[in-house]
Amino acid sequence: MGVTDVICYLHFLIFVVIVMQEKSKYIPVNTLPAGIREGIIIGRTSSNGLPNAKEVERSHRDNGHVFILQEKGTTHIEIDFQEHYLEASSIIYIHPDQIHRVIGFENATIISWIITSENLQPEFLKLLETLKPVNALPLKNNILSIITETSSLCIKLFERKHEKLFDSILKASCNTLIALVASQYLVKSKSKDNSSRFEVITKAFKSSLENDFTKVKSPAVYANNLNISTPYLNECVKNTTGHSVSHHIQQRIILEAKRLLYHSNKSVKEIAVELGYDDYSYFTRLFAKITGMTPLAFRSKNFD
C-alpha cells in the first residue's frame, strides 16, 4: 500500500479495502467507495517506524491517482519492484496501474491525496498518462510553498464534509493542485537541446505501447501507427531515453509479467497468453533472457 493509502486508510478510516488473504487470479485493488467526497481524499499526517497494519504493508493498486508530498523526514515505499526513499522536500505521483506498498517511515510528515480518473479534467488525465512512471521529484522552496499552500487549502475544503457546496470547489482545487505538480514533472523532463520532435514522438510511442503492449510486439507496427519509419522511431526513442524501441517493448511486457507472477496465482502459461504469447516456451525464454531467471524461479524467489 502506498503512503497516500496509509494516511487515507488508517487516519481517515473511510476507504473500503479490498484485501485478499491469499494470492488469487487478480491483483489486490484498494478502492474509494462511491460518494466519498466525490472520489477525492486528502490529508496531512506524521508517522515514524514500520507500518502498523497488514493492509498497509501488502502490495496493491488503487482505483485513483496517488500523490505524496514529503514535507519532513523520509518515507520508504516500493513501486513496481523498485524501492524509493522520499526525502523532504519532494513529491511523487503513482498511477492507478502501478503496484505499490509502504515499507516504513522515518520522522515523516506528508501530505497525500487520491483522486479518481472521473474527477480529473480530461487534459490533466491525458497528461498524467504520458508522465508515468516517474521518480520522486525534489522541489525548490518557492515551488514547495505554492504546492503546500494549495494542498492545505484542499485539506480545509475536504474537512468541510457537511457542506455540499464545497464539493465542486474541492474538485476544482485538487485539479489545480495536480496541474501544479504535473507542470513540475514537465519542467524536469523538458529537453535541454533541440530534440523536441524526438520527445513528442517518444511520448506518442510510449502511449501507444501502454495501450497495445499485449497485442503489438513489433517496432515496425508502432512506427507505422505513427506514420514514420522504424529507423526514425528508434532514433527518436533512443535519443530521448537512451534505449531502443525493442528494449521498451520488452521491459513493459516483463514488468506486467512480474506483477502477475508476484501478485496473482495465475500459471505461467496463463500469464504468457494474457501478455500475447501463445508460445509458452518462447515467453519463458524471453523472461529468462531479460531477468536472468525463469518465471517460476522469480515467483519462488519473491513468494510472500
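Which helices and strands each supply at least two residues of the lining of the largest pocket? Keep that in mind while you set up the view.

This is a predicted model, so local features need pLDDT of at least 70 and side-chain atom pairs pLDDT 80 or more, while totals for chains, interfaces and linings use all residues. Residues are numbered from 1 along each chain as its sequence is written, and side-chain values use heavy atoms, without hydrogens and water.

**Whole protein.** Show the cartoon. The protein has 12 helices and nine strands, taken as DSSP runs (H or I, at least four residues; E, at least two) numbered from the N terminus. Of its 304 residues, 48% are buried, meaning under 20% relative accessible area with a 1.4 Å probe, protein chains only.

**Glu-78.** Select strand 5, residues 65–79; Glu-78 lies there. Glu-78 is buried, at 14% relative accessible area. Beyond its neighbours within four places in sequence, its contacts include Ser-59, His-100 and Arg-101. Contact means heavy atoms within 4.5 Å.

**Largest pocket.** Now select Leu-131, Lys-132, Pro-133, Val-134 and Lys-206, which lie nearest the pocket's centre among 48 lining residues. A pocket is an open set of points on a 1 Å grid where a 1.4 Å probe fits, with protein on both sides within 12 Å along at least five of seven lines; lining residues have an atom within 4 Å of a point.

Next, answer the opening question: colour strand 6 (82–87), strand 9 (137–138), helix 3 (122–131), helix 5 (165–189), helix 6 (196–212), helix 8 (230–241), helix 9 (245–263) and helix 11 (280–291). Helix 6 gives the most, nine residues.

Notes:
Buried < 20%, exposed > 50% of the residue type's maximum accessible area, 1.4 Å probe, protein only.
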